[in-house]
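Visitor: I have a model open and would like to go through some of its local features. Could we begin with a single residue and move on from there?

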Amino acid sequence: MATKFININLKIWRQKNANAKGSLESYKLDKVSTDSSFLEMLDQLNEQLINEQKESIAFDHDCREGICGMCSLYINGRAHGPDTGTTTCQLHMRKFNDGDTIYVEPWRSRAFPIIKDLVVDRSAFDRIQQAGGFVSVNTSGRTMDANAIPIPKADADKAFEAAACIGCGACVATCKNGSALLFVGAKVSQYALLPQGKVEAQERVVNMVRQMDEEGFGNCTNTGACEIECPKGISLENIARMNREFLFAAAKSE
Ligand code: SF4
Ligand code: FES
């Protein structure tokens, strides 16, 4: 596909700090290559702002290849923009047309407070994972062969699919209740499906759910929006598995 250049209008959320009142600011950006990624387009805008002696726009990013989960942007009313199975950093400007107006906002969730402009604090996810604790591996004093524990292929595949969650928070941002169940379901499932994860399974699910509740995430009402907007295709099946694990753990502790 031949490279094209487009001129776009942007409405971007600007907010000085966590306590300031934010608002959408308008920008015009010309000669944007359709081969550039969405984040490269924001880089180009920031260069323009710096050249105009204006403050650049704060936005989160790290790997820029769909792995780290940092690029948490709401684009034209959708988490990670118009493409399915795509993080913001993998979204390309060829998805937009010359003359388009693009709205860019941060994740909106009580549990993800805005730090500045488009950057939100997602450390609640880190605390949930930390609450999950460790995985016991009995090596009996020797290095264990990686294939010593037979695992059914179907379970290994499901665990791997759950482990594909990058902790981006799109599921929370897109949920009308701000629920984190898809994320927590994935993090519980990636261990619960494997023999190595079964030793602390009950403790893990109870502690992760408790931490999730303490962080102020909302309840799940099964709208399924999280699954649709998840860039890694994490399935609702993981929520069902987490619920089963939780009920089992609760019943055992009685
Ligand atoms: S479940 Fe999907 S949307 Fe939610 S944090 Fe994981 S990768 Fe992101
Ligand atoms: S910057 Fe790492 S997933 Fe987008």
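Visitor: Leaving aside neighbours within four places in sequence, which residues is Thr86 in contact with?
Guide: This is a predicted model. In it, Thr86 is in contact with His80, Leu91 and Pro231, once neighbours within four places in sequence are set aside.

Visitor: Is Thr86 buried or exposed?
Guide: Thr86 counts as buried because its relative accessibility is 10%, and the cut-off for buried is under 20%.

Visitor: Where is Thr86, and what does its side chain reach?
Guide: Thr86 lies in the loop between β4 (78-79) and β5. Its side chain reaches the backbone oxygen of Thr84 at 3.0 Å.

Visitor: On to β5, then. Which side chains of that strand point to the buried face?
Guide: In β5 (residues 101-106), Ile102, Val104 and Pro106 point to one face and are buried.

Visitor: Which strands are joined to β5?
Guide: Strand β1 (residues 5-14) runs parallel to β5, with four bridges between them, and Ile12 stands opposite Val104. Strand β3 (residues 73-75) runs antiparallel to β5, with three bridges, and there Tyr74 stands opposite Glu105.

Visitor: A change of topic: what is the phi of Gln53, and of Asn76?
Guide: Gln53 has a positive phi of about 60°, and Asn76 has a positive phi of about 50°. Most residues other than glycine have a negative phi.

Visitor: Where are they, and how exposed?
Guide: Gln53 is in the loop between α1 (38-51) and β3 and is exposed, with a relative accessible area of 72%. Asn76 is in the loop between β3 and β4 and is partly exposed, at 39%.

Terms used. Residues are numbered from 1 along each chain as its sequence is written. Chains are lettered from A and ligands numbered from 1 in the order in which they are written. This is a predicted model: local features need pLDDT of at least 70, side-chain atom pairs count only at pLDDT 80 or more; totals for chains, interfaces and linings use all residues. Side-chain values use heavy atoms; hydrogens and water are left out. Buried means under 20% relative accessible area, exposed over 50%, partly exposed in between (1.4 Å probe, protein chains only). Helices (H or I, at least four residues) and strands (E, at least two) are DSSP runs, numbered from the N terminus. Two strands pair if DSSP finds at least two bridges between them. A polar contact is a pair of N or O atoms within 3.5 Å; within protein, one must be able to donate a hydrogen and the other to accept it, and residues adjacent in sequence count only if both atoms are side-chain atoms. Contact means heavy atoms within 4.5 Å.
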